Number of protein chains: 2
Amino acid sequence: MIKESLKIIPLGGLGEIGKNITAIEYKDEIIVIDCGISFPDEDMYGIDLVIPDIKYLLDNKNKVKGLFLTHGHEDHIGAIPYILKQINIPVYGTKLTIGLVKNKLKEHNMLSKSNLNPIRPGELIKLDELAIEFIRVTHSIAESCALAIHTPIGTVLHTGDFKIDYTPIDGKVMDLNRIAQLGQEGVLLLMADSTNVERAGHSLSEKIIGETLNRIISNAKGRVIVATFASNIHRMQQIADASMIYDRKIVFSGRSMENISNVAMDLGYLHIPEESIIGIEDLNRYPSDKITIITTGSQGEPMAGLSRIAYGSHRHISIEQDDLFIISASPIPGNDKLVSRVINQLYRKGVEVIYEDLEEIHVSGHAYKEELKLIHTLVKPKYFMPVHGEYRHLKHHSDLALKLGMDKSNVFTLETGQVLEISQDKAIATEKVHTGVVFVDGIGVGDVGNIVLRDRRDLARDGMVTIVVAINKETYSIVSGPDIITRGFIYARESENLINKIKDVAKEEIEICLGNNILEWQVLKGRVRKSVEQLLYHKTKRRPSVFPIIMDI
Amino acid sequence: MIKESLKIIPLGGLGEIGKNITAIEYKDEIIVIDCGISFPDEDMYGIDLVIPDIKYLLDNKNKVKGLFLTHGHEDHIGAIPYILKQINIPVYGTKLTIGLVKNKLKEHNMLSKSNLNPIRPGELIKLDELAIEFIRVTHSIAESCALAIHTPIGTVLHTGDFKIDYTPIDGKVMDLNRIAQLGQEGVLLLMADSTNVERAGHSLSEKIIGETLNRIISNAKGRVIVATFASNIHRMQQIADASMIYDRKIVFSGRSMENISNVAMDLGYLHIPEESIIGIEDLNRYPSDKITIITTGSQGEPMAGLSRIAYGSHRHISIEQDDLFIISASPIPGNDKLVSRVINQLYRKGVEVIYEDLEEIHVSGHAYKEELKLIHTLVKPKYFMPVHGEYRHLKHHSDLALKLGMDKSNVFTLETGQVLEISQDKAIATEKVHTGVVFVDGIGVGDVGNIVLRDRRDLARDGMVTIVVAINKETYSIVSGPDIITRGFIYARESENLINKIKDVAKEEIEICLGNNILEWQVLKGRVRKSVEQLLYHKTKRRPSVFPIIMDI
């Protein structure tokens, strides 16, 4: 029997941070691995979320058999509600991952229509040609898995996000034995997490945070307020454990913190006795040194818990002199200024703040260089394709594979949209498929595109000047105006001269046109725009958006 | 004789990064230390530069005797042209600092009117009551100085920006002996650089970069292209030195790189034989392995040299396969994503890139914790006031002084605008003086204020919707319109329904008003705006800026 070739189709997450989604196709079967969002760049004004364009899946709708989730982070599950609306396929993941997906689907009123399948690490889901095996890994969220996709031409191992933590909080170590066994049997393709490939050595165990927390909390005189990632359930557990030693009650603050802690407790991933948890309304019923608050906002997000407390706009929590704040997280690239702003504000209020630069209060969830070398060495793949990272990370991860002895022709540094096609005797990067970003803004999904964004950037830079004039086409005369409205350009009341100049220039231009029988609206508008733009650039060296509006009366 | 009190008036740079400027006042004399810019925050759309508000100096114009510059970095000299336009005082600084100021003033056509006084480190400038002594320090720009301000009630030591480099490139070590001597004689107040107070240990010497550069350049097969700060003349020297060993010619690329290297060579701070420098037009006359390009753009700035080369938009330099890029700088907080973008792009082009995460290719110019401890210990000041840093840095620097044994009541963690008043027997933080930011946008200085910026932010977030309608007040009827113009909100051609709804709502609201004899423009506009805003929020969950324009015909 001639076996067909296997296609690896990255629809997101390669050469970019976030929106991880990969399709794997063999004959008439496509499986999808993960379905995440990414956060908008700082110049994507007004955009709430970025989700992947899944045209490829829609074009092959009948082939798509299921969505397999490695773990429950937003960049791996965040786009699920948007995607399931377009293509309702079965979803597989560990109990916790599915629990978090449920939460999302509930918010979108989609829960009843969805086909969610919780699995246990170690389980195998068999389709016609493909079989997907979930393998336990360690990461900064509980119940993370690598996926081994068994295909007629060989096994693909996708690590998902992982680190090698020999002492995880839940005691469930990464299933290195199964990975070693797969390596022994032969792995066709390894796809592995590249996030921390630039970091030398081995990541630290989550466990060391517990020791730091313990020491810090033992010395705290008043409340302890810890900001961390809502999804880091093991971190929550450690904060709670250290707090309970000193009879502190635990308060969860922030919507995602409350949601995820509830899901995690319901499903048995977070163990805090009921009597140790209190509602935020009950804060004042306990002395300050018996309180630990776990809050959102570790990235300095202005609307999240930590910032609200710092700036005095939190509904329930106001700063007390003996408060001790702990930021148990790293700023994600791009957020360092926001985080710094909150730290400054807290110090201004006179409270203590402990953060990563001062204490060992956060560890990364992604494998460092030596951990990656271990996985490569155990798996000994025929082909390698780095995933999950900016291009620089993918490049360095490929370099690492080469240094470990792989042949250059077997290593594929590909980006989103580039297809890797593997047949029994070779692998090649073949076609490019359609991929892209879809912007979510308010309740609009995809209705804001690049033109709208370009306009927002233009408006942001120098504001706008609108010129309104009413014309009588029969008498060839201006009936009313020009009137000028500006926003974001200049403070109009203090710039009367310039406003009058704009009026003069617009009027003159229109009168010339009317005098020459030029009545085409587009021409008229174009000439007014150009003259006003020239005037404004000459006078201010700025380029506001100029909008002439001509009414025909 | 009763001595008056001394006032330390920080007009910028405390509790913020950049725009360093401090006034020191005794009786009828005010001296100003430094006069820098800061760069706009990412939400200050369209702003080019931020300069300090110097109302306090203008209100005391007759007292202001001179501007004393610690060194030639933008955050210490960048605002000079704007400030000298308002108050033309003598300027003092080392030869290099004054050379860089000259360059600036030339660009502003102000050179002939300015009073610039180059001094040598060690020199003392005597005024009536105050005497200002320049003391050599080491920093990431040559010829940096601390200032000792000798006053009738004691000596103030302002470190400027510094690190303690025992092996500086020019061999001119920091004058620790003079600082020790001042400490011996008694220092009233120490004001010291807080930038790196959170970093443990001692900063590395600039010299180690030379070793790395040497090794890297010795192995380069093609051109070497180094991006670094244009002001880091010692770095330039080291790059040039390492290049010349291998007979490479040096090319400077980028306006500030050309300007500053010229000033530095003219004044004898940068030593490159004439025959080793070539113009950028002559690049192609030499083999690639005989070329080193030193370029701007180390912060990933989209319009600077490095980005232009990476994206193929540089006028003279296009990428060659054997190029080796070196980014010899750290990303300033907030710039990490930009830098990462350039690195990714260069890797995509298939060239090698070396940056801080991979090699020791940059060192900081600011003292780490142990260096600061040394200065505090040598100076033994009566009072201490941390300067140059965000609030968190100032706070940690104060903590450091306390740990070294200072009394809490003698340590002043102040911010811009807070005055420290020192008399013979005590120091207290007294009044707050007017300070602030002035925005430079194009050729406008100060004409963009907070309202304009707020409008830019509103426009950026969700764009704008303008509604134009012409009314006849006598017939109480709509003559023309409503017409709708949107930008940055929604792609209008694909949203005809919504546009028509806006028209309907606006028309209905106006007709109701006209029917009820409501003709006040403000009321009419307000009601249209409100109804349309409600409609749009309901339909899209967005809040574009809505501008109703009503013309009376």
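**Exercise 1.** How many residue pairs are in polar contact between chain A and chain B?

*Solution.* Keep in mind that this is a predicted model. Counting pairs with both residues at pLDDT 80 or more, there are 37 residue pairs in polar contact between chain A and chain B. Next, look at which elements of chain A take part: those giving two or more residues to the side that touches chain B include helix H10 (336-348), helix H12 (391-403) and helix H15 (521-540). Strand E25 (545-552) of chain A is also among them. Finally, sort the residues on this side of chain A: 26 are nonpolar, 15 polar and 25 charged.

**Exercise 2.** Find the count of salt bridges between chain A and chain B, then locate one.

*Solution.* The count comes to 18 salt bridges. For an example, go to Lys395(A), which pairs with Glu352(B); their closest N and O atoms are 2.9 Å apart.

**Exercise 3.** What area do chain A and chain B bury between them?

*Solution.* Start with the contacts: 66 residues of chain A touch 66 residues of chain B. Together the two chains bury about 5,900 Å², with 56% of it on carbon and sulfur atoms. Within chain A, the residues losing the most area to chain B are Lys337(A), Arg392(A) and Met551(A), together 10% of what that side buries.

**Exercise 4.** Divide chain A into its domains.

*Solution.* Domain 1 has two segments, 6-201 and 364-445. Domain 2 covers 207-354, and domain 3 covers 463-552. To place the latter two, note that the C-alpha centres of domain 2 and domain 3 of chain A lie 55 Å apart.

Conventions. Residues numbered from 1 in each chain as written. Chains lettered and ligands numbered in written order. Predicted model: local features only at pLDDT ≥ 70, side-chain atom pairs only at ≥ 80, totals over all residues. Heavy atoms only, no water. Domains from an automatic or database assignment. Contact = heavy atoms within 4.5 Å. Buried area = accessible area lost by both parts, 1.4 Å probe. Salt bridge = Lys/Arg side-chain N within 4 Å of Asp/Glu carboxyl O. Polar contact = N/O pair within 3.5 Å; in protein donor to acceptor, adjacent residues only side chain to side chain. Helix = DSSP H or I, 4+ residues; strand = E, 2+ residues; numbered from the N terminus. Nonpolar A, V, L, I, M, F, W, Y, C, P; charged D, E, K, R; others polar.
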